[in-house]
Amino acid sequence: MADTMLILSSANWQQGAATTVYCTVAPELEGLGGMYFNNCFRCQPSNQAQDPSNAASLWELSERLVAERSVGIQSL
């Protein structure tokens with residue numbers, strides 16, 4: 001059972017990393033950016049991902065989290 005779980009988990013991390021590795025090393029993507037890939041194929045992001053209000057909310061949340069983290073680090 002443990003051997004089977006090891007095989008399954010290694011396949012999952014390899015599959016999970018495949019798109020990132022592909023986008024990093026594919027010569028045809030050199031110099032390109034701003035694209036969305038899923039399972040090593042270029043795709044259109046979902047409507048939710050392209051919504052400007054979602055982008056603004058995420059940006060504000062990110063700024064707040066970074067500021068909170070910075071305060072915690074400065075107090076060390």
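The sulfur of Cys40 lies 7.0 Å from the closest cysteine sulfur, that of Cys23, which is too far for a bond. The bond in question is a disulfide, defined as a pair of cysteine sulfur atoms within 2.5 Å. A search of the whole structure finds zero disulfides, and Cys23 is accordingly in none. Cys40 has a relative accessibility of 28% and counts as partly exposed; Cys23, at 30%, is partly exposed too. Here buried means under 20% relative accessible area, exposed means over 50%, and partly exposed lies in between, with a 1.4 Å probe and protein chains only.

This is a predicted model, in which local features need pLDDT of at least 70, side-chain atom pairs count only at pLDDT 80 or more, and totals for chains, interfaces and linings use all residues. Residues are numbered from 1 along each chain as its sequence is written, and side-chain values use heavy atoms, with hydrogens and water left out. The term pLDDT stands for the predictor's confidence in each residue, from 0 to 100. The mean pLDDT of the protein is 85, and 79% of its residues reach 70 or more. Among the elements, α1 has the lowest mean, 75, and strand β2 (residues 41-43) has the highest, 95.

The protein has two helices and two strands, in the order α-β-β-α from the N terminus on. Helices (H or I, at least four residues) and strands (E, at least two) are DSSP runs, numbered from the N terminus. Of the 76 residues in the protein, 5% are buried. The accessible surface comes to about 6800 Å², and carbon and sulfur atoms hold 60% of that area. Such areas come from the Shrake-Rupley method with a 1.4 Å probe; for residues, only the protein chains shown count as cover.

One of the buried residues is Thr19, with a relative accessible area of 15%. Thr19 lies in helix α1, residues 2-25. What does Thr19 touch, not counting residues up to four places away in sequence? Contact means heavy atoms within 4.5 Å, and the partners of Thr19 are Phe37, Asn38, Asn39 and Cys40. A polar atom of the Thr19 side chain lies 2.9 Å from the backbone nitrogen of Cys40. Ala18 is also in helix α1, but Ala18 is partly exposed, at 31% relative accessible area. Ala18 and Asn38 are 20 residues apart along the chain, and their C-alpha atoms are separated by 9.6 Å.

Met35 lies in the loop between α1 and β1 (36-38). Met35 is partly exposed, at 26% relative accessibility. Leaving aside neighbours within four places in sequence, Met35 is in contact with Leu29 and Arg42. Met35 is ten residues from Pro45 in sequence, and the two are 8.7 Å apart from C-alpha to C-alpha.

The last topic is charge. Side chains of opposite charge can pair when their charged atoms come close. A salt bridge is counted when a side-chain nitrogen of Lys or Arg is within 4 Å of a carboxyl oxygen of Asp or Glu. By this rule there is one salt bridge. Glu68 forms a salt bridge with Arg64, and their closest N and O atoms are 3.8 Å apart. Both residues lie in helix α2 (residues 52-74), four residues apart, or about one turn of the helix. Glu68 is partly exposed at 49% relative accessibility, and Arg64 is partly exposed at 48%.

Key:
Polar contact = N/O pair within 3.5 Å; in protein donor to acceptor, adjacent residues only side chain to side chain.
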